[in-house]
Amino acid sequence: MQFEVWAPLTDRVALRLNDTDYEMTPDPAPDRAGWWTVAAPAADGDRYGFRLGGDPAVRPDPRGRRMPDGTEGLSAVVDLAPLTPRGAPPRLPLQDAVLYELHVGTFTPEGTFDAAAARLGHLTALGVTHVELMPVCPFPGRHGWGYDGVAPWAVHEPYGGPAGLARFVEAAHAAGLGVVLDVVHNHLGPSGNHLPSFGPYFTDTHHTPWGAAVNLDAPGSDEVRAYFIGSALAWLRDYRIDGLRLDAVHALADGRALTFLEELSAAVDALAAESGRPLFLIAESDQGDPRLTTPRPSGGLGLHAQWNDDFHHALHTALTGESQGYYADFATAPLAALAKTLTRAFFHDGTWSSFRGRSHGRPVDRRRTPAHRFLGYTQTHDQVGNRALGDRLSASLSPGLLACAATMALTGPFVPMLFMGEEWGAGTPWQYFTDHPDPELAEAVRTGRRREFAEHGWKAEEVPDPQDPATRERSCLDWSEPERETHARLLEWYRTLVRLRRTQPDLRDPDLAAVRVAFHEERRWLTFRRGDVRVVVNLGAEQVTVALGRNGVRVLAAWEPVERPGPDGRIRVPGESAVVLGP
């Protein structure tokens, strides 16, 4: 078996395979400067690592596919051939998708790929098309969100390792579901990160909230880019994953003319053409910049979609009345903000942001930008888990308002995404939890979390301890809830809305400019039209009468019973209810 590693900062590298050392030699190829290679007999599961220079420490392979002993242990050889899922993956284009964000460690109490796969029948009955897995790369301890990963090519062993991920993908594909994977390229976790010992993977040229930036534009950055692009392609090629969600791309410090994101999107598009599969990249970004998803030939970066937090913020303020922090600008006139996002995607499109103290965002060219370039959602792991108590909308809203929220996301113009459990109004929170073995790091995380929320009036004892196992346990879904009456009714509403999205072509129309919205800020109703489909939501407590502008429509779905519009085209909608109408 051939072993290789990029280690340009040393004059000697040795492979430690099981208990034997093998001296490595520099690769003679002129375009492989800094690479070391050696051939050695190895079998699946053999432990290995590298010794650099005269340092006796043995470090895991930066491109290792498995870390069975945790982030401080060695890598293990993985035979990928039997792991690659068999059968043809479903061909599911993003523009027709309904995504479901899922955290493997809390989707079930067991917290494994196999346990999650056993629940895929729930998702097929719901009608979603793709499962979006939160990060699965190795991170310290057993439980965590996954954003402190340190090995971008490997799979977290407690979840089931590479074999477990392969089984999950195969099961999802067999059920007709695509799989999207959340990957983190903007930083690595603080514990178990051995990359700086091997080469200039990080640079002090830029600084990020996590310290030195991933090196995308300083000396040595060609190989660093190749490292992360290679990792991305490996998920898509070797596990047949269908798309990637790119975490916080605004935190990628990159001053080169050809950006990392352009290189990545070109590489993914090439793999899609080669494999005949509709692969895609979805960005999380705080920039409000449509150039992220503008095609490369038109001067953009060529990603395929991005999360639309502006839609979430407008909807959240309209539902809850919250106005703190970044919600402030949306809360001034929340239905007007919601109407703007439904028709123009971004609320901040060059407008003043009081939260940032400056103008923010850029307008979306609705003539050139299809609505499926954006994801719309009522909740995400961030918007729930980054609250002090990890409380979901279901903790404070009535079932009727939850139904209104679902209606806006699932019949709106953007690609819908659900956060696990929202479809039945889960009563469990989703809190911030960690499992750092390092006691100093564990205490720093604990005190930092409490200090952050103390600035907003929370007492330290009120903020859950991330290191307490009970915090993770509270965050696991309760699978007895969907069978209870209140939860079951909401779940059936979600199924109805997903089915309508699939069967009503107008609900998948990508033309943002064709969306028409009317609203009444004081009476708290909003209606929008997508082709021949009308949607009315009443967020107020009292019944409202809304003029639809035409008759000849019928009720396709209603949260509370309503009569079809009269000859004058007016419909009476009960308080905290929603209705979808069609021709």
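This is a predicted model: local features need pLDDT of at least 70, side-chain atom pairs count only at pLDDT 80 or more; totals for chains, interfaces and linings use all residues.
1. Residues are numbered from 1 along each chain as its sequence is written, and side-chain values use heavy atoms, with hydrogens and water left out.

2. Helix α6 covers residues 221-238 and helix α7 covers residues 260-275, and the two pack at an angle of about 30° with their axes 10 Å apart. Helices (H or I, at least four residues) and strands (E, at least two) are DSSP runs, numbered from the N terminus, and axes are lines fitted to C-alpha atoms, for helices over the stretch in contact, with angles from 0 to 180 degrees between N-to-C directions. The two helices, α6 and α7, are therefore roughly parallel to each other, a label for angles under 35 degrees, whereas those over 145 count as roughly antiparallel, 65 to 115 as roughly perpendicular and the rest as oblique. The crossing in which α6 passes α7 is right-handed, which is the term used if the near helix is turned clockwise from the far one by less than a right angle, and left-handed if anticlockwise.

3. A further pair to examine is α12 with α15, whose axes come within 10 Å and cross at roughly 15°. That angle makes α12 roughly parallel to α15, and α12 passes α15 in a right-handed crossing. On the α12 side, P399, L402, A403, A406, T407, A409, L410 and T411 take part, and they meet T486, L490, W493, Y494, L497, V498 and R501 in α15. The residues of this contact of α12 with α15 divide into 11 nonpolar, 3 polar and 1 charged.

4. Helix α15 also deserves a paragraph of its own: residues 485-503 make up its 19 residues, and the helix reaches 27 Å from its first C-alpha to its last, close to the 27 Å expected at 1.5 Å a residue, the expected span being 1.5 Å times one less than the number of residues. Its buried residues are H487, L490, L491, W493, Y494, T496, L497, V498, L500 and R501, where buried means under 20% relative accessible area, exposed over 50% and partly exposed in between (1.4 Å probe, protein chains only). The elements that cover the buried residues of α15 include α3 (120-126), α12 (399-411), β19 (415-419), β21 (525-530), β24 (554-558) and β26 (577-582).

5. Helix α12 has another contact to record, with helix α8 (residues 309-320): the axes of α8 and α12 come within 11 Å and cross at roughly 155°. That makes α8 roughly antiparallel to α12, and the crossing of α8 and α12 is right-handed. Here F311, L315 and L319 in α8 meet L401, A405, M408 and A409 in α12, and the residues of this contact divide into 7 nonpolar, no polar and no charged.

6. R240, in the loop between α6 and β13 (243-246), has a phi near 55°, a positive value in a residue other than glycine, and R240 counts as partly exposed because its relative accessibility is 27%. A345, in the loop between α10 (334-344) and β16 (351-353), has a positive phi of about 75° although it is not a glycine, and at 0% relative accessibility A345 counts as buried.

7. Some remaining residues can be looked up one by one. T447 is placed in helix α13 (residues 439-454) and is partly exposed at 31% relative accessibility; T447 and D465 are 18 residues apart in sequence and 8.9 Å apart in space, C-alpha to C-alpha. R368, in the loop between β17 (358-360) and β18 (374-376), counts as exposed at 55% relative accessibility, and the C-alpha atoms of R368 and A388, 20 residues apart along the chain, are separated by 40 Å.

Terms used:
Contact means heavy atoms within 4.5 Å. Ala, Val, Leu, Ile, Met, Phe, Trp, Tyr, Cys and Pro count as nonpolar, Asp, Glu, Lys and Arg as charged, and the others, Gly among them, as polar.
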